[in-house]
Structure formats: C-alpha cells, structure tokens
Amino acid sequence: MIPAAFDYYRPKDVEGVIALLQEHGDDARVLAGGHSLIPMMKLRMAEVPHLIDLQDIAALKGITIDQDTITIGAMVSQHELINHDGLSAAAPILREAALQIADPQVRYMGTVGGNIANGDPGNDMPGLMQCLDAQINLLGPDGSRTVAARDYYEAAYMTDREDDEILISVVFTAPVGGFAYEKQKRKIGDYATAAAAVQIAKVDGKVASASIAMTNLSDVPVWSQGAADELAGSVCETATLKAAVAAMLGDIDPTEDNRGPVAFKRHVAGIILTRAITRAWDRA
Amino acid sequence: MNDMTPEREERSANLKGLGCSRKRVEDARFTQGKGNYVDDVKMPGMLHGDFVRSPYAHARVISINKDAALALDGVVAVLTAEDLAPLNLHWMPTLAGDKQMVLADGKVLFQGQEVAFVVARDRYVAADAVELVEVEYEELPVITDPFESLKSDVVLREDLAGQTTGPHGPRKHHNHIFTWEQGDVKATNQVLDNAEVVAEESMYYHRTHPCPLETCGCVASMDKVNGKLTLWGTFQAPHVVRTVASMLSGIEEHNIRVISPDIGGGFGNKVGVYPGYICSIVASIVTGVPVKWVEDRMENLMATAFARDYWMTGKIAATKEGKITGLHCQVTADHGGFDACADPTKFPAGFMNICTGSYDIPVAYLGVDGVYTNKAPGGVSYRCSFRVTEAVYFIERMIEVLAIELNMDAAELRRINFIKKEQFPYQSALGWEYDSGDYHTAWDKALKTVDYEGLRKEQAEQVAAFKRGETRTLMGIGLSFFTEIVGAGPVKNCDILGMGMFDSCEIRIHPTGSAVARLGTISQGQGHATTFAQILASEIGLSADSITIEEGDTDTAPYGLGTYGSRSTPVAGAAAAMAGRKIRAKAQMIAAYLLEVHDDDVEFDVDRFVVKGVPERFKTMKDIAYAAYNQAIPGLEPGLEAVSYYDPPNMTYPFGAYVCVMDIDVDTGVPEIRRFYALDDCGTRINPMIIEGQVHGGLTEALAVALGQEIAYDKMGNVKTATLMDFFLPTAWEVPNFETDHTVTPSPHHPIGAKGVGESPHVGGVPCFSNAVQDAFRPFGLRHTNMPHDHWRIWQTANDLGLHE
C-alpha cells in the first residue's frame with residue numbers, strides 16, 4: 001500500500017494541465033477526488049510518475065442551471081451534488097444516486113468528473129449520465145469537443161477520451177417526469193451488485209418516453225434502448241415490466257465475482273430494474 | 001456488615017467500584033488522537049522493513065536475486081532464509097508445537113508467504129526495493145481442500161517427511177497434522193445405533209479473519225552498548241513474546257524488554273509470533289539501529305492468523321419427545337501450511353469439546369483431524385475462547401436440525417434439554433466442569449421479552465401470505481443459547497509453550513492514598529485501565545480514579561499470559577482482587593495499631609476500617625496508606641504493596657440467550673435485521689457500560705462473520721478477499737440497533753464472581769444470525785445451508801428451494 005515516487009503538480013488553469021499532459025504523455029495522470037486513482041497507485045497497479053492535481057482549477061467547479069440546461073463541472077464533489085438545492089429540484093435522480101455512492105467521507109472528495117471519466121464499470125455516474133443523455137465536454141491540445149455519454153465508454157477503463165484530454169464538464173437537459181436510481185450493494189462503500197437508472201416521462205397517463213441505464217453489469221455502463229422502447233406507450237403493467245427486463249437482460253453481460261455468479265446477477269438486475277421502473281412510474 | 005445507609009452508599013459510590021458505569025479512562029486519549037500505537041514509535045536512525053511475498057500458493061523457490069534491490073539508494077539489507085540459517089532463525093516454533101518458516105526455505109506453502117525481508121532507510125524505499133528483488137519460482141500443485149489434501153500424493157511439508165508422529169500424536173498421512181479425540185466413541189455410537197431419532201448434518205464454518213483495525217507490527221531496537229533488546233509491538237501476550245524471543249535469539253531474558261503500547265484491536269490476530277518480528281529483531285541486531293515493520297491491510301488479511309475453517313459433521317440422538325441422548329462430532333480442520341493455531345498446548349483443537357453446549361447430553365464424542373493445505377497458517381480464536389465459536393455454532397445448528405427432524409419448536413427443544421440450575425457444578429460428557437448457570441431463567445426471560453409466541457404467529461402468517469403471492473419477504477427467527485468456556489486457565493492443564501496460564505497483579509499504594517497496579521494482561525480496547533481499577537477500588541477502598549492501571553511493559557509488569565479468550569477478567573481480574581485482599585489484610589493490622597485495638601476488633605467498611613460496633617472510630621484507607629509509610633509499626637514492614645499470581649481453579653462459563661428477527665428479500669437475497677435481543681450472563685458485572693459496549697462490538701463481528709465476512713481462496717490458492725472492498729467489515733450502516741439485557745449468576749470460584757464477557761456476544765451471535773436466515777426458509781424445506789449468508793448465497797438457497805419464478 002505504498003505508492004512509487006511521483007512528481008506532483010497543481011496547476012491553476014486548464015491550459016496548464018494540457019501543457020503538462022502534452023509534456024509527459026502516458027506518464028501523467030490527472031487527479032480529481034483520488035478515490036480510484038490513489039488506491040491503484042498504492043497497490044502499484046497504476047504507475048503515475050507525474051500526478052496533476054485539478055483541485056485549484058476554478059473553471060472545473062460549479063453547477064449551473066440555465067433554463068433547462070444543466071452543467072456540472074468536473075470537480076464538483078458528490079457532496080456538493082447532494083446538497084445543491086437547484087439541482088435536486090431540476091434533476092432529483094442525481095441526488096438519489098449520489099446518496100448511494102460510498103459514504104459521506106468519500107463523497108466529500110469524490111467528484112462527478114472523476115467518476116465519469118475513469119471508465120470504471122463499478123462507478124454509478126456513467127450509467128446515470130447515459131440515462132440522462134448527457135454530453136461530455138473534453139478539452140485537449142486541439143481545443144474542446146463534445147461526446148455523448150452513450151458513446152463515451154469503450155471497455156473497462158477505456159473511453160473515448162485521449163490521454164492528453166481532460167473532462168471539463170457534463171451538460172444535459174433537465175429530465176422531466178418520474179425517476180429512480182435503484183442500487184443493490186453488499187455494504188456501504190461497495191460497488192453495485194446491480195444498479196438501474198430510470199427516467200420516465202408520462203403523457204395522458206401513458207409512458208411518453210423512457211430512458212434506462214444499468215451499472216456494473218457489463219464492462220461498460222449499459223444504456224438499454226430496447227428496455228425503454230418496451231415501456232413506451234404503456235402504463236407499466238406487469239407484462240410490460242417483464243418485457244423491459246427481458247430486453248435489458250439481452251443488453252447486459254455480467255461476470256462472476258465475489259458479489260456472486262452470473263445467474264444471480266442477472267436475476268437481481270431484473271428485480272432492481274423492475275423496482276426502479278415501478279418507482280419512477282409512481283413518481284411520473 | 002451494616003445495611004447500606006445513605007452515608008455509606010455515598011462513600012461506596014465515590015469509589016466507582018464494582019457495578020459502576022464509569023466512563024472509560026482510556027477514551028480521552030483515543031478520541032483525541034493521542035493514543036500511542038506501535039506505528040507512532042519513532043526513533044533516531046530507525047530503519048524500515050518490508051516483505052517480498054510469494055505470489056504463489058505452492059512453489060519451489062529456485063533462486064533469489066537481491067542485486068538490484070541492494071543497488072537501490074537507501075537499501076541497507078535484504079534478508080533471506082539463507083541469511084537466517086546460520087542463526088537457526090530461518091524457522092521458528094509455533095504455539096501449536098509445529099514449526100514455521102520465517103523466510104521461505106526452498107519452497108512456499110501459501111500465497112503471501114514471507115520470502116525476503118528488505119531493510120531500508122524509509123518505508124518508501126523499502127517498498128521500491130521489494131519490487132526489485134527477483135525471485136524465480138517453480139509452481140507446484142496447489143491443494144486448498146483438506147479432504148483432497150488427505151488423499152493427495154503431493155507432500156506439502158517436505159521438512160516433516162517420514163515423521164509419523166507429531167506433537168499431538170500419530171499422523172495418518174503426510175498432510176495430516178493430528179487427531180484429537182474426546183469422549184467415549186463406543187458408548188456414543190451405541191446410543192446413536194439404538195436411538196429413536198437421529199439427526200445428522202454436515203456444515204462448514206468458513207475461514208475468516210479477525211481483521212483488527214490496526215494491523216500487526218513491531219519496532220526492534222538492539223542497544224549494542226548495554227546488550228539490551230527492546231521490542232515494541234502489537235502483542236496480545238508480551239511476556240510470552242519476551243520468553244520466546246529469548247529462547248530463539250539466545251539473548252538472556254532480563255536483557256529483553258517487550259512493550260505492547262496501545263493496541264488497536266486484536267481479536268486473536270495478535271497472539272502468535274510472526275516472521276516480521278523475528279526479521280525485525282535480526283535486522284536490528286545486524287544493523288545496530290532500530291528497525292520498524294508494520295504490515296499493510298492486504299498483508300494482514302493474506303498472511304497473518306486466520307480463524308475458523310472447520311468442516312464439522314454431527315450426529316445427534318434423541319427420544320421421540322426430544323430428550324437428547326447422545327452427540328457425535330467429527331471435524332476436519334484446515335490449518336493451512338503450518339500449524340500455527342494459538343491454543344493451550346494440550347488442546348490442539350482448543351476447547352472444541354465444549355460442543356455439547358448448554359445441554360445435558362449424557363454421552364458424547366468429538367474427533368478432530370488437523371490437516372495441512374496451501375493456505376495461510378493460523379487458527380486463532382477470533383473474539384472467542386479457543387474454538388468456542390465453532391463449538392457453539394455446531395451445537396446450535398444441530399439443535400435446529402434436530403428440531404426439524406422432530407418437527408418440534410426449537411425453543412422448546414432447547415428448554416427441555418438445558419442443564420438444570422441444580423445440576424451445577426455440571427460435569428459434561430466431554431470433560432468440563434461448568435461452574436454455574438441458570439439457563440431456564442435466562443431463556444424464559446428472553447422469549448418473553450421478544451414475545452416469542454407472537455413472533456412465531458406472525459411468521460406463520462407471513463409464510464401464508466408468501467404462498468398466496470402477496471409478499472416476497474420471508475421472516476426468520478434466529479435463536480441461540482450459548483455457554484462459553486473462558487478464563488484459561490488452570491495451570492494443571494493449560495499452558496502456552498510450557499508457561500502455565502496463570503495471571504498476575506502487583507499493587508503499590510502510594511503514601512497519599514493513590515495507587516498503581518500492574519497486570520500481566522494487555523488491553524487492546526477492552527478498557528482494562530477502567531475496569532481493573534474498579535475491581536481494586538471495591539477491594540481496597542480507594543477510588544478507582546486514584547488507581548492507575550499499567551500493562552504491557554515486561555520490565556515493570558509481573559509475568560502474565562496476556563489477553564485473549566476472555567481471560568483477563570477471569571484470571572488477571574481475580575489476581576487483582578486477591579492482591580487487593582493482601583493489601584487489605586495488611587491495612588487491617590495497620591488500622592488496628594492506629595486505633596489501638598486488636599486486629600480482630602476492626603472490620604472493613606467500604607473505604608475504611610472501623611472498630612466493630614463503634615463506627616465513629618475508624619481509619620480511612622488513605623489514613624492507613626499514609627501510616628504505612630510514616631510510622632514505625634511494631635511487627636510490620638513499612639510500605640503497602642502486594643503481588644498475586646492467580647492460578648484459576650477452573651474456567652468460567654458465561655452464557656446467554658439471543659434472539660434475532662430478520663426479514664429476507666427472497667428475490668435479491670438481502671437480509672434486513674428487524675430486531676436483535678441479547679441477554680448475557682457474565683456473572684458479577686464490573687462496569688455495565690463497558691459490558692454493553694463489548695456486547696455491541698461482539699455482535700457486530702458476529703453479524704460480519706454470519707452475513708459475509710470470509711477469507712476465500714480460488715483453486716490456485718489465490719486469496720480472493722484481501723481488501724476491505726471484498727472482506728466485509730461492517731460499519732454503523734450495516735449494524736442494527738442491539739437490545740441488551742442480563743441475568744447475574746456469579747461464578748462460585750472466582751474471587752468476585754465475574755466470568756468475562758468480551759467474546760460471548762460473538763460466540764452466541766454467529767449462530768443466532770445464521771439461524772435467523774435458515775429459519776426463514778425452514779417452512780420451505782431448508783435443513784441447513786452454510787455461512788456466510790451473503791446476498792447471493794441467500795438468493796441461491798431460495799433458488800434451490802424453487803422460490804423464484
């Protein structure tokens with residue numbers, strides 16, 4: 001649990017970060033809350049000769065709500081997310097999800113950007129951002145670009161982000177209707193055995209549109225278009241829920257670990273999604 | 001003695017003695033971060049050690065190349081078995097009569113085994129150097145299953161080749177360690193053959209780990225000028241460590257000082273001797289400067305002493321009415337690569353022969369086979385007396401299985417088989433003499449408090465609703481009644497490495513009426529500085545606030561066997577009371593002299609000696625203490641000191657009745673604890689607040705073990721649960737509100753009637769949580785399923801019973 005030696009940088013602006021990333025290439029990593037990277041460094045599973053701490057960069061902070069457009073800076077902590085009244089009103093699913101991430105001490109440090117950028121299949125924010133159809137703003141030496149959260153994840157710890165790019169913020173439209181973030185975990189601080197993010201918009205007593213994403217049931221977050229399609233036009237009756245679960249099960253690909261075998265995970269994924277849809281529909 | 005007048009009551013309360021919920025004196029420093037743990041020990045020029053550990057569970061070590069590590073700036077030495085061999089320190093004896101490699105001698109037997117010890121200028125350089133040591137291995141077949149081990153041609157312990165007898169008798173196979181048998185096998189089999197009903201079940205008590213928050217570590221400092229070795233460390237038995245260190249190193253015992261500073265939890269993990277201690281001592285002797293070694297969490301979980309790992313098969317015989325007539329228990333014990341169990345020498349399976357539990361079972365047999373596998377060594381008593389959690393889990397599961405066999409209520413089955421109050425002292429079929437108990441009273445109180453009948457009714461309604469498809473939740477009612485066996489122990493049959501398991505207390509009363517008492521035990525969170533002062537306060541009539549308790553420094557404390565197996569109060573607490581009584585006896589003579597009456601004409605009264613019948617003529621203990629130092633009293637030596645070495649005549653047998661109500665989500669396997677009621681009878685209660693805290697802690701660890709905490713290996717012998725992500729350590733979030741209750745049945749042989757309590761809640765709690773899970777599925781045909789009951793295993797149970805669509 002003793003990391004190898006590294007050089008520590010604490011630039012004041014994003015340009016400084018990009019310059020350091022260009023200078024050191026693969027040997028540099030940015031540090032947000034550190035709850036993924038620092039343990040990996042201590043285990044010597046991540047070797048980071050140049051560590052760039054982002055905490056002094058004002059441009060990465062803050063939550064803005066402009067009409068129905070919500071922007072969350074990369075360095076916003078889970079704690080800030082939970083305690084931002086405007087955000088809790090505009091996108092309550094974020095608060096519900098963030099409260100299920102780790103424990104208060106971790107949430108004081110853990111950031112939205114770190115959670116999204118790292119590509120850890122266990123993280124909750126990636127699936128949530130897919131559910132909300134968030135756009136991820138990246139900045140690199142060639143300027144900024146935007147990539148949809150639904151296109152960002154390639155494999156475990158592999159994302160569309162280039163090594164010399166950093167995640168600046170995420171932007172999404174305030175969701176309408178009912179929501180639920182349902183997560184089963186073994187204990188506080190654990191990653192999900194299965195988690196589901198659900199948003200349902202209701203018009204004339206029926207599902208107008210839905211969005212469903214699953215967490216830690218594949219090597220990437222799983223946005224299930226098929227599951228959402230099953231709900232469209234329905235009143236979320238039992239048969240529809242079953243069809244949605246069946247569609248979702250076609251999209252996930254869990255692996256066995258200490259949380260349990262594949263059959264268990266698939267079963268729980270179905271239960272968790274059913275509960276999430278039911279709660280979201282009740283709230284819609 | 002007089003009745004308690006308000007005036008006497010006030011004097012008594014001022015002592016803060018027995019029965020007082022006195023706040024823990026230790027907490028001021030702990031809550032302010034002012035404790036002094038081994039990692040806080042810093043000395044000028046101190047070097048740091050770190051281990052190269054085996055990535056393989058079984059492999060031959062072909063070569064070790066230190067060159068790159070030694071070339072790194074700041075590296076002072078890299079020790080291997082080859083370096084330790086000339087000192088004969090490449091192997092060390094274990095507490096179980098086996099020997100263990102200090103550093104890999106030709107092969108490794110478990111993942112995480114110590115291969116080389118790097119000594120460097122700082123902790124970071126040491127960690128860098130560990131990566132630079134090149135070890136070439138040749139992998140060997142891995143055995144992680146003890147049954148497979150007993151059939152395998154693969155010889156795990158080549159050093160024992162040809163030895164058909166071990167320290168505990170004949171070895172049946174090259175991977176077999178010992179067979180330990182208790183009771184009458186013939187008579188037991190006869191009873192089983194002729195019984196009206198026999199229930200049989202096999203169960204696995206999985207491997208887990210005590211996982212104290214502070215890991216193990218030490219600082220060794222060899223002073224080459226005066227020839228003295230000082231060793232600070234996380235030792236639950238500092239005097240034993242001193243004796244072992246002396247025997248191993250050849251340094252005379254008076255030249256070794258062992259200090260256990262504040263310890264952040266032990267739970268059995270810090271009883272044994274680990275390679276890190278030996279390597280640090282050698283490194284300090286070689287370099288002449290202090291050397292610190294503190295393991296990290298993964299090292300602690302992978303390589304230091306585990307607990308449990310018992311495969312148990314039981315047969316229980318009974319009449320049709322449910323009267324138990326016999327018990328047969330056969331255990332296969334997985335001890336890992338070396339037999340490093342921490343048990344009294346004559347008990348290779350600890351006190352597993354308490355497995356007849358709280359029941360009057362006329363005939364019984366226990367057979368235990370110890371086996372080597374490619375897993376870490378250990379087998380310590382994790383928050384219990386020696387193997388008592390295994391024994392109590394076994395019998396409390398067998399009772400439940402028998403209840404199923406008889407189609408009887410498990411609470412009633414217990415009641416009709418309890419040892420009756422008038423049967424104490426009770427001679428058990430497996431050789432113990434239970435000192436005292438009143439099981440029926442405790443059981444009735446527990447069942448009444450939780451409204452047991454009402455719970456069963458509610459459960460039946462829940463089952464009916466489940467069957468009608470109205471709910472997916474099942475309700476489990478977990479019962480357990482346990483009898484512990486603690487306070488090891490009588491020197492006639494209990495020793496550790498030949499040292500009798502007495503304990504000790506030395507008291508010095510200062511002239512102004514305060515005192516210091518030193519004991520052979522060592523607190524790891526138990527609150528000894530608080531409770532031992534309370535015992536003494538009641539014995540010697542000085543306020544607990546005026547009594548300093550010191551432990552853990554072998555240069556000052558009298559010899560003792562340390563703290564584990566709930567032995568501190570039964571043994572050292574008794575020594576404290578006896579030493580206190582010696583003080584009082586001398587104080588009586590001083591008081592009589594001061595009051596100018598005969599010794600027999602004064603009597604002790606809370607905090608003073610009074611002339612019998614003349615309460616206004618008295619001398620307080622403070623007066624007497626002063627007189628002891630400033631008056632020449634004919635026939636008496638000056639001073640007021642005493643020492644007592646206490647050899648307990650018997651163990652003590654705390655007991656308790658626990659009930660857990662659990663709601664289980666059949667679809668997700670998630671258990672929710674609705675209620676947990678714990679009645680403990682630990683005899684005389686010294687500090688009710690500390691007892692409550694101990695019960696909360698023990699139950700928390702019981703919940704952990706029952707519901708998910710395990711050291712799991714894959715087929716290759718890789719540890720799958722070496723971090724706190726996967727090793728379940730419950731937090732306030734997972735732990736329910738615990739209701740505590742008590743009855744008081746004093747120990748008849750203990751000076752103050754106390755029995756010990758720190759481990760009872762763990763011993764009774766594990767079967768209670770497990771029984772709750774299993775009880776929920778009993779209406780659907782479940783007979784037994786193994787712990788840990790984590791989500792997926794509970795789900796699997798429901799799935800196997802056809803409870804999912």
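# Interfaces in a two-chain model

Between chain B and chain A, 14 residue pairs are in polar contact, both residues at pLDDT 80 or more. A polar contact is a pair of N or O atoms within 3.5 Å; within protein, one must be able to donate a hydrogen and the other to accept it, and residues adjacent in sequence count only if both atoms are side-chain atoms.

The model is predicted: local features require pLDDT of at least 70 and side-chain atom pairs count only at pLDDT 80 or more, while totals for chains, interfaces and linings use all residues. Residues are numbered from 1 along each chain as its sequence is written, chains are lettered from A and ligands numbered from 1 in the order in which they are written, and side-chain values use heavy atoms, with hydrogens and water left out.

**Exercise 1.** Describe the interface of chain B and chain A.

*Solution.* 
1. Contact (heavy atoms within 4.5 Å) joins 29 residues of chain B to 25 residues of chain A.
2. The two chains bury about 2300 Å² between them, 59% of it on carbon and sulfur atoms; buried area is the accessible area (1.4 Å probe) that two parts lose on being put together, summed over both.
3. B:Met725, B:Trp792 and B:Trp795 supply 25% of the area that chain B buries against chain A, more than any other three residues.
4. Four salt bridges are counted between the chains, a salt bridge being a side-chain nitrogen of Lys or Arg within 4 Å of a carboxyl oxygen of Asp or Glu. A:Arg186 and B:Asp726 form a salt bridge, with their closest N and O atoms 3.0 Å apart.
5. On the side of chain B that touches chain A, helix 5 (123–132), helix 10 (297–303) and helix 20 (791–800) each supply at least two residues. Helix 5 of chain B gives the most, with five residues. Helices here are DSSP runs (H or I, at least four residues), and strands are E runs of at least two, numbered from the N terminus.

**Exercise 2.** Characterise the interface of domain 1 and domain 2 of chain B.

*Solution.* 
1. The domain assignment, automatic or from a database, gives domain 1 of chain B as 6–35 + 503–646 and domain 2 as 38–140 + 215–263 + 270–303.
2. Their C-alpha centres lie 40 Å apart. The contact takes 21 residues from domain 1 of chain B and 19 residues from domain 2 of chain B.
3. These domains bury about 1500 Å² between them, 50% of it on carbon and sulfur atoms. B:Gln524, B:Thr554 and B:Tyr559 supply 38% of the area that domain 1 of chain B buries against domain 2 of chain B, more than any other three residues.
4. Three salt bridges are counted between the two domains. The side chains of B:Asp262 and B:Arg29 meet in a salt bridge at 2.6 Å, N to O.
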